[in-house]
Amino acid sequence: MSNMQETKAKAEAKAEEMSQCAKDSATEAKDRTVDAAHSATDSAIETKDKTVDAAHSATDSATDSIQHGKDQSAGFLQQTGEQMKSMTQGAMETVKSTLGVSDKK
């Protein structure tokens with residue numbers, strides 16, 4: 001083989017080696033990009049799930065608080081109504097007693 005053919009063969013081998021190295025680098029970069037995308041997707045899903053859970057928890061807490069407030073309001077209104085009834089009956093008895101009109105005979 002002549003010197004020129006030997007140089008050409010070495011140049012072609014080196015070019016093939018560099019080409020394969022570039023392909024390998026590109027494949028590694030693609031794989032890292034895919035892994036990063038999967039990781040980002042998993043992280044986003046996890047964050048979404050945590051947000052949904054927190055929203056459900058907040059909704060449940062608000063619902064419980066509203067129900068508690070309703071229960072307290074109902075009790076307060078019933079108590080106030082009974083006090084008003086008692087006061088009205090007392091006032092009626094006082095007026096009857098003052099006027100001399102009594103249910104007792």
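**Working through the model**

Analyst: Ile 45 counts as partly exposed, at 43% relative accessibility. Here buried means under 20% relative accessible area, exposed means over 50%, and partly exposed lies in between, with a 1.4 Å probe and protein chains only.

User: Before we go on, what kind of model is this?

Analyst: This is a predicted model, where local features need pLDDT of at least 70, side-chain atom pairs count only at pLDDT 80 or more, and totals for chains, interfaces and linings use all residues. Residues are numbered from 1 along each chain as its sequence is written, and side-chain values use heavy atoms, with hydrogens and water left out.

User: Ok. Where is Ile 45?

Analyst: Ile 45 is in helix α1. Helices (H or I, at least four residues) and strands (E, at least two) are DSSP runs, numbered from the N terminus.

User: How many helices and strands are there in the protein?

Analyst: The protein has one helix and zero strands.

User: What span should α1 have, and what does it have?

Analyst: At 1.5 Å a residue, the 97 residues of α1 should span 144 Å, and the end C-alpha atoms are 142 Å apart, which agrees. The expected span is 1.5 Å times one less than the number of residues in the helix.

User: What are some distances inside it?

Analyst: Ile 45 and Ile 66 are 21 residues apart along the chain, and their C-alpha atoms are separated by 31 Å. Ala 58 is also found in helix α1. From Ala 58 to Thr 88 there are 30 residues in sequence and 44 Å in space, C-alpha to C-alpha. Ala 58 is partly exposed, with a relative accessible area of 47%.

User: What about overall dimensions?

Analyst: The C-alpha trace spans about 145 × 15 × 5 Å along its principal axes. The protein has a radius of gyration of 45 Å, but a compact globule of 105 residues would have one near 13 Å. That radius is taken over C-alpha atoms, and the globule rule is 2.2 Å times the number of residues to the power 0.38.

User: What share of the residues is buried?

Analyst: Of the 105 residues, 0% count as buried. The accessible surface comes to about 9300 Å², and 58% of that belongs to carbon and sulfur atoms. Accessible areas come from the Shrake-Rupley method with a 1.4 Å probe, and for residues only the protein chains shown count as cover.

User: Switching topic. How many salt bridges are there in the whole structure?

Analyst: A search of the whole structure finds five salt bridges. A salt bridge is a side-chain nitrogen of Lys or Arg within 4 Å of a carboxyl oxygen of Asp or Glu.

User: Which residue does Lys 10 pair with in a salt bridge?

Analyst: Lys 10 pairs with Glu 6, and their closest N and O atoms are 3.5 Å apart. Both lie in helix α1, four residues apart, about one turn of the helix. Lys 10 is exposed at 56% relative accessibility, while Glu 6 is partly exposed at 36%.

User: Last bit. What follows α1?

Analyst: Gly 100 follows α1, and its phi is positive, near 80 degrees.

User: Which residues form the nonpolar patch with Leu 99?

Analyst: Val 95 and Val 101 form that surface patch with Leu 99, and together they have about 290 Å² of accessible area. Patches are made of residues with over 30% relative accessible area and no salt bridge, with like charges joined within 9 Å and nonpolar side chains (Val, Leu, Ile, Met, Phe, Trp, Tyr) within 5 Å. Leu 99 lies in helix α1, which covers residues 3-99, and Leu 99 is exposed at 64% relative accessible area.
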